[in-house]
Protein chains: 2
Amino acid sequence: MRQAGRYLPEYREIRKDAGTFLDLCYTPDLAAEVTLQPIRRYGFDAAIIFSDILVIPDALGQPVSFKEGVGPVLETIRTVEELASLDQNRLSEHLDPVYEALRKTRRDLSEETTLIGFAGAPWTVATYMVEGGTSRDFANTKRWAFSAPQEFGKLIDILVASITKHLIAQVEAGADALQIFDSWAGMLPETAFDQWCVDPISRIISGVKKEKPDVPIIVFPRLAGYRYLKIAALEGVSAVSLDQTVSLDWVQRNLQNKVTVQGNLDPIYLLAGGDAMRAEAERILETLSGGPFIFNLGHGVLPPTPLDNVAELCEIVSGWQR
Amino acid sequence: MRQAGRYLPEYREIRKDAGTFLDLCYTPDLAAEVTLQPIRRYGFDAAIIFSDILVIPDALGQPVSFKEGVGPVLETIRTVEELASLDQNRLSEHLDPVYEALRKTRRDLSEETTLIGFAGAPWTVATYMVEGGTSRDFANTKRWAFSAPQEFGKLIDILVASITKHLIAQVEAGADALQIFDSWAGMLPETAFDQWCVDPISRIISGVKKEKPDVPIIVFPRLAGYRYLKIAALEGVSAVSLDQTVSLDWVQRNLQNKVTVQGNLDPIYLLAGGDAMRAEAERILETLSGGPFIFNLGHGVLPPTPLDNVAELCEIVSGWQR
C-alpha cells in the first residue's frame with residue numbers, strides 16, 4: 001500500500017517545506033526522494049511512486065486541493081454538460097512531473113527493487129469528481145450512475161482513456177509494475193459493480209497490455225468481498241491486493257489458484273505492535289505463503305505508527321519459514 | 001432498515017419541536033408516533049421502533065449528543081479504568097421511555113403488522129464509545145481490541161449484558177421480533193471478526209433466547225461479505241439483513257438454505273426512482289423470492305428521497321409474482 005507517508009519523520013521534514021500536497025507530487029526531485037525514503041529505511045522489495053489518484057481530474061482541468069482534516073476538495077461535476085470542461089489534451093504535459101519523478105526514482109533505486117506506478121480506477125476517481133471530495137454514501141455519484149448510465153458512462157469513458165494513457169506513460173518512465181486502486185469498489189451493488197468497476201478496469205487493462213504486454217498489473221477492488229473473484233478472473237490481472245476484511249481461507253481456496261494475492265494485515269496491528277501484530281502476521285503468512293503471495297498491509301500505514309513496529313514486522317516477514 | 005426518518009414531512013414536523021434527537025427517542029408519545037407514520041403512509045409489513053443504537057452508552061452514563069452535520073458525539077472511553085464510570089444499574093430506568101414507546105406502538109398498530117425492537121451489536125456500539133463518534137478507520141477501538149483484548153473484552157462484556165437486557169425488555173414491552181445492527185462488523189479483520197462480532201452476538205442471542213425462546217432475531221453484520229456465513233450459522237439466528245454489496249447469487253446458494261434473508265436494494269435506487277429502481281428491485285425479487293425472503297433496503301432511506309418513489313417501490317414489491 002502507500003509506502004511513503006506521514007509516519008516517517010524524514011517525510012514530514014520534506015513535506016513541511018514543499019508547499020501543497022500536489023506541489024510535492026509535481027516536484028520530481030522531492031517526489032522521488034519521498035518514494036525512496038522508506039526503501040532506504042526498511043529495504044522493502046518494492047517502491048510505489050509518490051503521487052495521488054486525483055492527479056487525473058487535476059490534469060483534466062478539474063483542480064484538486066487538499067484541506068487539512070477534510071481531505072481532497074474539488075468543484076463538482078454532475079452533468080454531461082459539465083464534462084465539456086475536461087480536456088484530455090492537457091494530460092501528458094500536466095503529468096510530466098510524475099513521469100520525471102519515476103525516471104529519477106528508477107535511476108536511484110537498486111535493480112532488485114521493483115518500482116510500482118499506479119492510478120485510481122474510474123469509479124473511485126469519479127466519486128471524488130462528482131461528490132467534490134470524500135463521501136459517506138456516494139449519493140450523487142450513484143444517483144447519476146443508476147439513473148443516467150449513458151451520461152455517467154461518458155465520464156467513465158474519459159477516465160478509462162486518461163487512466164490508460166497515464167499508466168502506459170508510467171511504464172515508459174520506468175515503472176516495472178502497475179497498480180489500480182478501486183478504493184470504493186465495495187460500495188457498489190452487484191449490477192453496478194460489473195458495470196462501473198469490472199468493465200472499466202478490464203478496458204484499461206486491455207489498453208495498457210496492447211502497448212505494454214509484459215507489465216504486471218495489480219488490482220485493488222477494496223471491500224469487494226466475494227466479488228474479488230470477478231477481478232481475479234479478468235484477462236491480464238497478475239495480482240489482487242486484499243483489504244483486511246477478506247477471509248484468508250476463502251482467498252486461499254478461491255483466488256490464489258488464479259492470481260497472486262497481496263495483503264492483508266490491518267494497519268492497526270502495525271500501530272499496536274507486540275504479540276498481536278506478530279500473531280496476525282504469522283497467521284497471514286501461514287495461510288497464504290503456500291501459493292503466489294506478496295506480504296502487505298490491507299490499507300495504508302497510519303501516521304502515528306511507531307517506526308520500530310515497521311522494522312519488527314519486516315523482520316517477522318523476512319525471517320519467516322514455512 | 002430505518003423506516004422512520006427525515007424523508008417524511010410528517011416526521012420533520014414532529015422533529016422540529018421535539019428538542020434533541022434523543023429527547024425524541026425518550027418521549028414515548030412522539031417516538032410511537034414517528035414509528036407509526038411510515039406504516040400509515042405506506043402500509044409496510046413491519047414497523048421498527050424509533051430509537052437509536054446509542055441509547056445504550058447514554059443509559060450506562062456516557063452521555064450522547066447529536067451534532068448537526070457531524071453525527072453523535074460522546075466523551076471517549078479508552079482505558080479499563082474509565083469503564084468504572086459505566087453503571088449498568090441505571091439501564092432499565094433510563095430506557096423505560098423506549099419500552100413505553102413500544103407498548104404504545106404495539107397498542108396502536110394493527111395485529112398483522114410486526115413490531116421490531118432493536119439494538120446495536122457490542123462491536124459497533126463500542127466503536128462510538130471509544131472513538132467518541134463516527135470514525136474513518138476505528139484506529140483507537142481496534143488498537144485497544146488488538147493489543148489488550150482482555151481489557152477491551154471488559155467493555156464488550158458490559159455491552160453484551162446491557163444489550164441482552166435491553167432486548168429482553170423490548171420483547172416484554174411488545175416487540176414481536178428483534179434486530180441486532182452490527183454496522184461496522186465489516187471493518188474487522190478475520191480473527192477479530194470472530195472475537196468481537198460473532199462471539200458477542202452469539203452470547204446475546206443465547207441470553208435473549210433463554211428468556212424469550214420464540215422471538216425471531218435478525219442480525220445485520222453490515223459489509224461482512226463472505227463472513228455472513230458465520231452469522232447465518234449461529235444458533236438462534238432467524239434471519240440476516242443483507243447490505244447492498246452482497247452478491248445475490250451467492251446469497252441464494254449459501255445463505256438462503258440456512259436462514260431467511262432480508263434486503264438489499266441500494267437506497268440510492270430509491271432516490272433515483274424510475275426504470276433503474278424497477279429493474280434493480282425486480283432483479284432482487286427474481287433472485288431471492290424462491291426461498292425465505294423479506295424485501296428491504298440495504299441501508300436506510302436517504303432524506304431527499306421522493307415520497308412517490310417509495311410508493312412505487314411498494315407497488316412493485318407487493319404486485320410482483322414469480
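These legends describe close-up views of a predicted model.

**View 1. Helices H6 and H8 of chain A pack against each other.** H6(A) spans residues 122-131, and H8(A) spans residues 149-172. Their axes lie 10 Å apart, at an angle of about 120°. That angle makes H6(A) oblique to H8(A). The crossing of the two helices is right-handed.

**View 2. Residues of H6(A) and H8(A) form the helix contact.** H6(A) contributes Pro122(A), Val125(A) and Ala126(A). From H8(A) come Leu155(A), Ile156(A), Leu159(A), Val160(A) and Ile163(A). Eight residues of this contact are nonpolar. No polar and no charged residues take part.

**View 3. Chain A meets chain B.** On the side of chain A, 31 residues are in contact with 31 residues of chain B. Five helices of chain A each give two or more residues to this side: H7 (139-147), H9 (190-211), H11 (248-254), H12 (267-272) and H13 (274-288). H7(A) gives the most, with five residues. The side of chain A that touches chain B holds 14 nonpolar, nine polar and eight charged residues.

**View 4. A rotation relates chain A to chain B.** Turning chain A by 180°, with 0.0 Å of shift along the axis, superposes it on chain B. The RMSD is 0.0 Å. This is the relation of a two-fold axis. Within chain A, Gly225(A) has the C-alpha nearest the axis, 2.6 Å from it. Of the interface residues of chain A, 100% are also interface residues in chain B, so the copies meet through the same surface.

Terms used: Residues are numbered from 1 along each chain as its sequence is written. Chains are lettered from A and ligands numbered from 1 in the order in which they are written. This is a predicted model: local features need pLDDT of at least 70, side-chain atom pairs count only at pLDDT 80 or more; totals for chains, interfaces and linings use all residues. Axes are lines fitted to C-alpha atoms, for helices over the stretch in contact, and angles run from 0 to 180 degrees between N-to-C directions. Helices (H or I, at least four residues) and strands (E, at least two) are DSSP runs, numbered from the N terminus. Angles under 35 degrees count as roughly parallel, over 145 as roughly antiparallel, 65 to 115 as roughly perpendicular and the rest as oblique. A crossing is left-handed if the near helix is turned anticlockwise from the far one by less than a right angle, and right-handed if clockwise. Two residues are in contact if their C-beta atoms, placed from the backbone, lie within 7 Å. Ala, Val, Leu, Ile, Met, Phe, Trp, Tyr, Cys and Pro count as nonpolar, Asp, Glu, Lys and Arg as charged, and the others, Gly among them, as polar. Copies are superposed by least squares on the C-alpha atoms of residues with pLDDT of at least 70 in both.
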